[in-house]
Amino acid sequence: MSTVPPGTPCWADLATPGLADARRFYPELFGWTGRIDPEPEAGGYTVFLLGGQAVAGAGPPAIPDQVPIWSTYLATDDADLVAGRVERAGGQVVVPPFEVFDRGRMAVFADPAGAAFSVWQPMAMPGAEVFDTPGALTWTELVTPDPEGAKVFYELVFGWHPDDQRVGPVTYTGWRLGTRIVAGMLPPLGDGFPADTPAYWSVYFAVADVDAAAARAAELGGTILVPPQDAPLGRYAALRDPHGALFNILTRP
């Protein structure tokens, strides 16, 4: 069983042609160790561990020209059921549900604005085993030019309810599942994000000190896309790894 309820982010992994560099960069930045999947068909897929617990993954791209990208996975009890909901809500089934060895079933979808996300139906592999501690996944966020359309889509697919808050000139949305806010949403903004930025899901990893971690990422060959700054969630920075994959770091107040 997953360590989180259905409809909640449960895993994040990186698809990259620079897998060897990822195995160096992220452990040095977050203190991870790597466990390489022995299955030849897995292409060297690596489960990163934090204190011996699974925290994130990295593997080769599914197609040769795929840009390096971090993907968000949402827990589900039935990947096929979610696929049907996605289609009825106007989304796209990018990769239909399939079994990943004995680990679980997964599928890849896109919402109507094109933001890709995955689901994970656990079997032997529950997903991440640690969250919200330095080095672990702590937040996921949808950046989309169509927030109103996203509100309809994700409620139909996962039962999420939008919780809007005005933050200066921007409306920030928390996705509420039951009593818990499980993810967020905002429109594209800032000099680092062009106006025609496509919709995408973004991952945040917790760190003890955002400023120090951003500086360390740059030393390791990464790029600071948005310098450390304060936001309602806490102090954060947006980074790219040495092969260009976007991710965020966050220190909560």
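Here is a tour of the nonpolar cores and then some salt bridges, all in a predicted model.

Start by selecting Tyr-26, Phe-30, Trp-32, Trp-70, Phe-205, Phe-247 and Ile-249: in the largest nonpolar core, which has 31 residues, these touch the most other members. Now colour the elements that give two or more residues to this core, among them β1, α1, β13 and β16. Which one gives the most? That's α1, with six residues.

Next, click on Phe-247. Skipping its neighbours within four places in sequence, you'll find Phe-247 in contact with residues including Phe-25, Leu-29, Trp-70, Val-203 and Ala-237. Then hop to a second, separate core: it has 24 residues, and Ala-89, Ala-115, Leu-142 and Trp-175 are some of them.

Time for charges. Side chains of opposite charge can pair when their charged atoms come close. The whole structure holds 11 salt bridges.

Select Arg-103 and Asp-37, which form a salt bridge at 2.8 Å, N to O. Each sits in a loop, Arg-103 between β6 and β7 and Asp-37 between β2 and β3, so this pair ties together parts that are 66 residues apart in sequence. Are they buried or exposed? Both Arg-103 and Asp-37 are buried.

Now try Asp-211 and Arg-235, whose closest N and O atoms are 2.7 Å apart in a salt bridge. This one links helix α4 to strand β15.

Last stop: Arg-216 and Glu-219, paired at 3.2 Å, N to O, in a salt bridge. They're three residues apart in helix α4, so about one helical turn separates them. Arg-216 is partly exposed at 33% relative accessible area, while Glu-219 is exposed at 60%.

Key
Residues are numbered from 1 along each chain as its sequence is written. This is a predicted model: local features need pLDDT of at least 70, side-chain atom pairs count only at pLDDT 80 or more; totals for chains, interfaces and linings use all residues. Side-chain values use heavy atoms; hydrogens and water are left out. A nonpolar core is a set of buried Ala, Val, Leu, Ile, Met, Phe, Trp, Tyr and Cys residues joined through side-chain atoms within 4.5 Å. Buried means under 20% relative accessible area, exposed over 50%, partly exposed in between (1.4 Å probe, protein chains only). Helices (H or I, at least four residues) and strands (E, at least two) are DSSP runs, numbered from the N terminus. Contact means heavy atoms within 4.5 Å. A salt bridge is a side-chain nitrogen of Lys or Arg within 4 Å of a carboxyl oxygen of Asp or Glu.
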